[in-house]
Amino acid sequence: MRGTLEIDLHDPTLTPPIRSIIENWAEVDWFAPSGITDEEGARLFREHHESARRNAAAHLAANVEVRSAIGGWGEFVTWCTRVRRPSAWDWKYSVLKPMSTAHSKALGWTANALPQASPLILRVGEAGKEVVIWRGLYPNVGELPGEPVGECASFYLGYAHSDLVGCIEWQLAENHDDLSSNPYVPLIRCYGSGFYPFCLDAATVVMFRFAADEDALPRARLVSH
Amino acid sequence: MTQVKTRSSSQGSISLISTTVRHPGALSARDRTIINLARGKLRDTRVEFGDAVRALREAVEETISGGRVFVLGSTIVGPIVGSLISGVGIVDAAAGVELLYVRSGIVRRSLGRFAP
C-alpha cells in the first residue's frame, strides 16, 4: 500500500534532488511482495553498506553477510521482535543516526539553514526563540491491522522514515544534485523494491520480503477499515 | 478536555480527557529518560510550548546520537511534537503541555502532563 504524504512536491523551495528522494519514498508500496530477486535485493543493500562504510567504517564490518528471508506478517513480527530486544544491536541508533548527524556537523549544516517557508520543517515558539522541527514524511498507510502486526508495522515505518530524513539531510548538507554518494539512497530503494532489512549486528543483515501468496499476506486486512 | 484533530483527516477529531487517562506503561525506558531530562530543563511554573519543544529536542539530542523530534500530528491549538519511533509526543493544551501517544498519525491516548 502506498502511504499518503502531506507535502506539495511542486513547492519551489524543494530542490531537484530532494524532490527526487521524496518521489521515490512516495512510490514505496509498503508491505507488498517484491518485484525483484533476492540477489538484486542483496545488491542494493551491499551498495548501501559500502557507501555507509566510507563514512562510518568504525561501526560497520568490511564484509556484510546478507541473508534472505520470506514470509507473511507472522515472520515479519518475529524479525521485528528480534531486533527490538533490549539486548539486540540497534542498526539505526548505532550507525545510521550518528552517521547522519556527524556528516551534517562536519559540513556545518543545520535545519535552521532551510528557507523559512520550507515544507520540510516547522518553526515553533516566539520569533527570535524559534525551535526548528522536522515535519517528517511518515507514510500514512491507513489503519494497520490488530496487534502485534500493527505495532510492528508502525515500528518499521518509523525506522524506515528515519532513513528518509537521514537521506534528505545528507543531500541538503552536501548541497549538490548528485545522489550517487548518499548512503541512504540505496536503502530507500530497498524499501521501494519490497525488501525490508533487519540488521542483526554490524556484519549480518536479513533481507526480508513478503511472500506473493495472498494467504500468507493478509493485505485485505490492511486496506479495509 | 482537549480536542485533538489528527493529520489523518479521515479520522475526524478525537476527544481526550487529559487529566484522568494515564497509561505510564506505554513509555519505554528510553522515553522516560528523555522526558525526565527534558522536564529537568524546565524550571518555570508556567511553560510555553516553544520552551517545552526546545527542552524535548535537546533531551533527545543528548540521549540519542542523531536523535530528532518530529511533528507527529496537529491539534486545534498546534502541533504534536515527539518521536516517530515510540509515538510519544507533546502538545499544547489548555491545562499545560501534555504527553500523548500517537501512532500512524492518530492520537491513541493521553499519557498525562508533560509540564505544568
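Mentor: Let's look at helix 2 of chain B, whose buried residues pack against strand 2 and strand 3 of chain A, together with helix 1 (29-41), strand 4 (79-82), strand 5 (88-93) and strand 6 (96-103) of chain B. This is a predicted model, where local features need pLDDT of at least 70 and side-chain atom pairs count only at pLDDT 80 or more, while totals for chains, interfaces and linings use all residues. Residues are numbered from 1 along each chain as its sequence is written, and chains are lettered from A and ligands numbered from 1 in the order in which they are written.

Helices (H or I, at least four residues) and strands (E, at least two) are DSSP runs, numbered from the N terminus. Helix 2 of chain B covers residues 49-63, and its 15 residues reach 21 Å from first C-alpha to last, close to the 21 Å expected at 1.5 Å a residue (the expected span is 1.5 Å times one less than the number of residues). Its buried residues are F49(B), D51(B), A52(B), V53(B), R54(B), A55(B), L56(B), R57(B) and A59(B). Buried here is 20 or more other C-beta atoms within 10 Å of a residue's own, exposed is 12 or fewer, and partly exposed is in between, with C-beta atoms placed from the backbone.

Now pick out A52(B). Leaving aside neighbours within four places in sequence, A52(B) is in contact with L42(B), V47(B), I90(B), V97(B), F114(B) and A115(B) (contact: C-beta atoms, placed from the backbone, within 7 Å). A52(B) and L56(B) also turn up, with I133(A), I188(A) and V81(B), as the residues that touch the most other members of the largest nonpolar core, which has 88 residues. Such a core is a set of buried Ala, Val, Leu, Ile, Met, Phe, Trp, Tyr and Cys residues joined through C-beta atoms within 7 Å. Helix 5 of chain A gives the most to this core, with 13 residues.

Over on chain A, strand 2 and strand 3 run antiparallel and are joined by four bridges (strands pair if DSSP finds at least two bridges between them). V124(A) stands opposite V131(A) in strand 3 of chain A. These two strands make a hairpin with six residues between them, and G125(A) in the turn has a positive phi of about 105°.

Helix 5 of chain A (residues 149-174) should span 38 Å at 1.5 Å a residue, and its end C-alpha atoms are 37 Å apart, which agrees. Just after this helix, N175(A) takes a positive phi of about 60°.

Y184(A) is in the loop between helix 5 and helix 6 (185-192) of chain A. Y184(A) is buried, with 25 other C-beta atoms within 10 Å. Not counting residues up to four places away in sequence, Y184(A) touches D163(A), G166(A), C167(A) and W170(A).

Technical notes
Two residues are in contact if their C-beta atoms, placed from the backbone, lie within 7 Å.
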